[in-house]
Every structure is written in structure tokens, then in C-alpha cells.
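Open the model in your viewer and keep the selection tool at hand. Each stop below gives a selection and then what to look for there.

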Amino acid sequence: MVIIAIIDLLYLIISFTESKDSGSPLSPYPDWKNYTRDVFGSLQYRWQYNFFSNNYSIENLQRYCNQCSCPLVDLRYPVCKTNYAHGYDIKTHEELLALIQHRIDNGLYKKTTP
Ligand SMILES: [Zn+2]
């Protein structure tokens, strides 16, 4: 009986800490707030979040070279001179928002953050 009671207690503690990790109402920001860069297609992207009430938006989505991490200038990169204008997988803004949202919603962002 005592062993069962201890196991039950452990289970309660584990489930309490788990529910605390995944979006506690006491925490002002979710644990993915630091997920602000990733690689989609041929390029690296960086962005910021704007949190308001119970929602958020993705802001300042910027393209970066995935070779040298230099910011994009007209699909060219001033540092390594890679020209991404032809033959590379360049995502649209809407596609990027959907891809980022998908990785946040499904918890995939931790595995893919460079
Ligand atoms: Zn580069």
C-alpha cells in the first residue's frame, strides 16, 4: 500500500512539473520565445516576436546567407558573393510565417535551431 502511495505521489509531482513547463500562465512568454532563427529552403532566416495580450506576431523577418550568415542585399550577399537569384529555394513571406508557425505548434523548433 505504502509503495503504491509513493508511486502515486511521484506521478503527481512529475505531472505537475510537466504541466508547469508547457505554458504556465505565470510565465509571460512561451519557451519558444528564443526560437528566432532557422533555415528554410536555401536560406537562413531571423525574426523577432511581438507579444500582445494572449497573441503574438512575427516581425522583422530577414534573409541571411546560409554559408556566411551575412544579411541579404537584393538576393546577393556582400561577404561571400553568393547570388541566390536563380536556382535556389527562396520562400515567400507567407510561406515563412506558415513554416515558423508549424515548427512552433508542433514543437519542432528545438531540433532545427542552428
Ligand atoms: Zn554568404
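Two strands count as paired if DSSP finds at least two bridges between them. Strands (E, at least two residues) and helices (H or I, at least four) are DSSP runs, numbered from the N terminus. This is a predicted model: local features need pLDDT of at least 70, side-chain atom pairs count only at pLDDT 80 or more, and totals for chains, interfaces and linings use all residues. Residues are numbered from 1 along each chain as its sequence is written.

**Stop 1: the whole chain.** Color by secondary structure. The protein has three helices and three strands. Along the sequence the pattern reads α-β-β-β-α-α.

**Stop 2: the sheet.** Select the strands. The three strands form an open sheet in the order β1-β2-β3, with antiparallel pairing. β1 and β3 are the edges; each has a single partner strand, so one side of each is left without a neighbour in the sheet. On average, neighbouring strands of this sheet are turned by 35 degrees against each other, direction ignored. Axes here are lines fitted to C-alpha atoms, for helices over the stretch in contact, and angles run from 0 to 180 degrees between N-to-C directions.

Stop 3: Select 37-40, which is β1. Four bridges pair β1 with β2 in the antiparallel sense. Phe40 has Leu43 in β2 as its bridge partner. Two residues separate the strands of this hairpin, and Gly41 in the turn has a positive phi of about 65 degrees.

**Stop 4: from β2 to β3.** Select 43-52 for β2 and 55-64 for β3. Eight bridges join β2 to β3, and the two run antiparallel. Phe52 is bridged to Asn55 in β3. Now pick Ser53, in the loop between β2 and β3. What is the phi of Ser53 near? The value is near 40 degrees, positive in a residue other than glycine. Most residues other than glycine have a negative phi.

Is Ser53 buried or exposed? Residues are buried if 20 or more other C-beta atoms lie within 10 Å of their own, exposed if 12 or fewer, and partly exposed in between, with C-beta atoms placed from the backbone. Ser53 has 5 C-beta neighbours inside 10 Å, so it counts as exposed.

**Stop 5: Ser69.** Move on to the loop between β3 and α2, where Ser69 lies. Ser69 is not a glycine, yet its phi is positive, about 60 degrees. Ser69 is partly exposed because it has 14 other C-beta atoms within 10 Å.

**Stop 6: helix α2.** Select 93-105. α2 has 13 residues and reaches 18 Å from its first C-alpha to its last, close to the 18 Å expected at 1.5 Å a residue. That expected span is 1.5 Å times one less than the number of residues. α2 lies across β1, β2 and β3, running at about 120 degrees to β3. After α2 comes Gly107, with a positive phi near 65 degrees.

**Stop 7: Leu96.** Stay in α2 and pick Leu96. Leu96 is buried because 20 other C-beta atoms lie within 10 Å. Which residues does Leu96 touch, not counting residues up to four places away in sequence? They are Phe40, Tyr45, Leu61 and Lys91. Contact means C-beta atoms, placed from the backbone, within 7 Å. Then draw a C-alpha to C-alpha distance from Leu96 to Gly41: 9.9 Å in space, 55 residues apart in sequence.

**Last stop: the overview.** Zoom out. Buried residues make up 7% of the 114 residues in the protein. Among contacts between residues at least 6 apart in sequence, 34% join residues at least 24 apart.

Technical notes. Contact = placed C-beta atoms within 7 Å.
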